[in-house]
Amino acid sequence: MGLEQKLGDMGVVTTSLEKAIGWARSNAIWPMLFGLACCAIEMMSTQASRYDLSRFGMELMRASPRQSDLMIVAGRVSRKMAPVLRTLYDQMPEPKWVIAMGDCASCGGVFNNYAIVQGVDEIVPVDVYVAGCPPRPETLIEGILKLQDKIKQEPLKKWQ
Amino acid sequence: MAAQPTLYEAPESVLTESNVQLDITIEQLKKLVSPRAFTGETMLLNMGPQHPSTHGVLRLLLELDGETIISCIPDIGFLHTGIEKTHEGKTYSKGIPLTDRTDYLAPLSNNMAYVGCVEKLLDLEIPLRAQYIRVILLELTRMNSHLVWLATHALDIGAMSVFLYCMREREMILDVFELVAGARMMTSYFRVGGLWRDIPAGFAELVQKVLDIFPQRLMEYEKLLKDNPMWKERTVGIGVISKEDAIAYGMTGPSLRGSGVNYDVRKAYPYNSYDHFEFSVPVGSNGDVYDRYRCRMEEFHQSLKIIEQAMKRLPAGPVMVDNRKVAPPPKHEIAYSMESLIHHFKLWTEGFSVPEGEAYFAVESGKGEFGCYISANGGPKPRRVHFRAPSFYNLQALPKISRGCLIADMVAIIGSIDIVLGEVDR
């Protein structure tokens, strides 16, 4: 049934532990339910009816940072929000990844002024940058798929 | 070693500057919460800024007696973007994209307030076709804003499927925006003096699709919520604000009309030829969460009515004023005429000048009266731009509304006043 029929009689599959873990990790990402501004609305669209992020196995948004391993920084980060964002990041258990969604989170976007952190990579390490103001849901999905590829190739030793 | 207070002996103060973590002193906090909070009799609970039901990055400091809210202190500014200040360094036409990002659920309403204000300063008469197209898009924007409100409000209270339904219909409206402006959310389609361009082919069909499908979809939402006993239990009689209080706090929009005040900028100060259309303003009576919900649901029908009228009577003609001081020369002219090229270049680098003076222009956005105030100094950049954000005024009534409510009702109340933090903090 299922997999065996499709692939034929595969017998024994050998792989490295690193690859097996990377494969498992990349397909069960739990993003944090954490929206900041405009991009958060597009993030909602991504999870909702038309785009349906659950097709890629990551619809399980967690409201608590303690239960999530992906932080999608969706929107502009103000100077007042920056310490909060860092606290949330620190509260996430390892292994953890960050996607900077949108121009504001990536580089400040149109707001080159006193109030906005010019790129969230000033405060947390970013794995994938998603361009757009706001990025279309397809763009965000592409970004998440890129992150999946990245996780698959990550060495096991990276997260102690 | 200091003596440890026994269980029955209340300590002098359980609140210190280090464990409150507000940007205020203990002296200031004393004025905001009751003295009982300092003896540990009541509890201070922090809600947000990362909370799925605060609709963004709102932080609330709640003082609780058991489950009852005694006082609520909103802490805003987590999304302060400096939009008003940034406007001062931009020419008038380059300021339009910034307005999209204040209330990001109703970008076209914000565009309208801003360009309306500049047009008022310039004393421009907008072609009728442009006005009608604006009305169609403004009403679609209102529906878009209300759909996100309904989706998140219902989700907060626990109705998951409404969220999926609303987002499905929202995509239809975003398709219209994408067709006219090229972007789903940040449209920046309105220009000072009219529109960026005329509506492309296929616009009428897409809008007609919205008009055809919405009445039955609205019935679906009503079936799910209107008479649902669980929904009514959570909303009827919850978060009541009286007519007088609502006016005193400066509330506008459906949050004000839910309390029974018939105030709508479209009727009171018609702009953009809104007086050409027939529609009514739904008004509630009890001022509770349920009435505010009813008001917004009725507004869907009124918006559809306005769009239908505007589509039927859409006049032909230009969509931009004929005034070359403001309007750019048409593209085909730029290719052949040196003067037009220079003119276009000047308009995009230096910008047009606006005569000295000040103006206030208000529109009825999905949330309430969204106003724009511009103080012009005669140059191509404004001296000061200020937005009257309806969410900001609606939010300041939250402590009043939530006093005496249960903590579980807090999310229902926040949802019912329909705040967008991008607009509150700007």
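**Exercise 1. Work out where Lys381(B) sits, and whether it is buried, exposed or partly exposed.**

Step 1: count neighbours. Lys381(B) has 19 other C-beta atoms within 10 Å, so it is partly exposed. The cut-offs: buried means 20 or more other C-beta atoms within 10 Å of the residue's own, exposed means 12 or fewer, and partly exposed is in between, with C-beta atoms placed from the backbone.

Step 2: Lys381(B) is in the loop between strand S7 (369–376) and strand S8 (382–388) of chain B. Helices (H or I, at least four residues) and strands (E, at least two) are DSSP runs, numbered from the N terminus.

Step 3: Leaving aside neighbours within four places in sequence, Lys381(B) is in contact with Glu88(B), Gly89(B), Lys90(B) and Thr91(B). Contact here means that the C-beta atoms, placed from the backbone, lie within 7 Å. The C-alpha atoms of Lys381(B) and Ser93(B) are 9.3 Å apart, although 288 residues separate the two along the chain.

A word on the ground rules: this is a predicted model, where local features need pLDDT of at least 70 and side-chain atom pairs count only at pLDDT 80 or more, while totals for chains, interfaces and linings use all residues. Residues are numbered from 1 along each chain as its sequence is written, and chains are lettered from A and ligands numbered from 1 in the order in which they are written.

**Exercise 2. Trace the strand pairing around S2(B).**

Step 1: start with S1. Strand S1 (residues 43–47) of chain B runs antiparallel to S2(B), and five bridges join them. Strands pair if DSSP finds at least two bridges between them. Asn46(B) stands opposite Leu61(B) in S2(B).

Step 2: move to S3. S2(B) and S3(B) are also antiparallel, with seven bridges. Leu60(B) has Pro74(B) in S3(B) as its bridge partner.

Step 3: check the turn. The hairpin of S2(B) and S3(B) has two residues between the strands, and Gly66(B) there takes a positive phi near 70 degrees.

Step 4: check burial. Five of the seven residues of S2(B) are buried.

**Exercise 3. Describe how the two domains of chain B meet.**

Step 1: get the bounds. Domain 1 is 17–75 and domain 2 is 83–425; these bounds come from an automatic or database domain assignment. Their C-alpha centres lie 33 Å apart.

Step 2: count the contacts. Domain 1 of chain B puts 15 residues in contact with 17 residues of domain 2 of chain B.

Step 3: see what supplies the domain 1 side. Strand S2 (59–65) and strand S3 (68–75) of chain B each give at least two residues, and the largest share, six residues, comes from S3(B).

**Exercise 4. Check helix H8 of chain B for length, bend and burial.**

Step 1: compare spans. H8(B) (residues 203–225) has 23 residues and reaches 32 Å from first C-alpha to last, close to the expected 33 Å. That expectation is 1.5 Å times one less than the number of residues.

Step 2: look for a bend. There's a kink of about 40 degrees at Phe214(B), shortly before Pro215(B). The bend is the angle between axes fitted to the seven residues ending at a position and the seven starting there.

Step 3: list the buried residues. In H8(B), Leu206(B), Val207(B), Tyr221(B) and Leu225(B) are buried. Their cover includes helix H6 (128–157), H7, helix H9 (229–235) and helix H13 (289–312) of chain B.

**Exercise 5. Locate two cis peptide bonds in chain A.**

Step 1: Glu94(A) to Pro95(A) is cis, with omega near -5 degrees. Pro95(A) is in the loop between helix H4 (82–91) and strand S2 (97–101) of chain A.

Step 2: Cys133(A) and Pro134(A) are also joined by a cis bond, with omega about -15 degrees. Pro134(A) lies in the loop between strand S3 (128–130) and helix H6 (137–152) of chain A.
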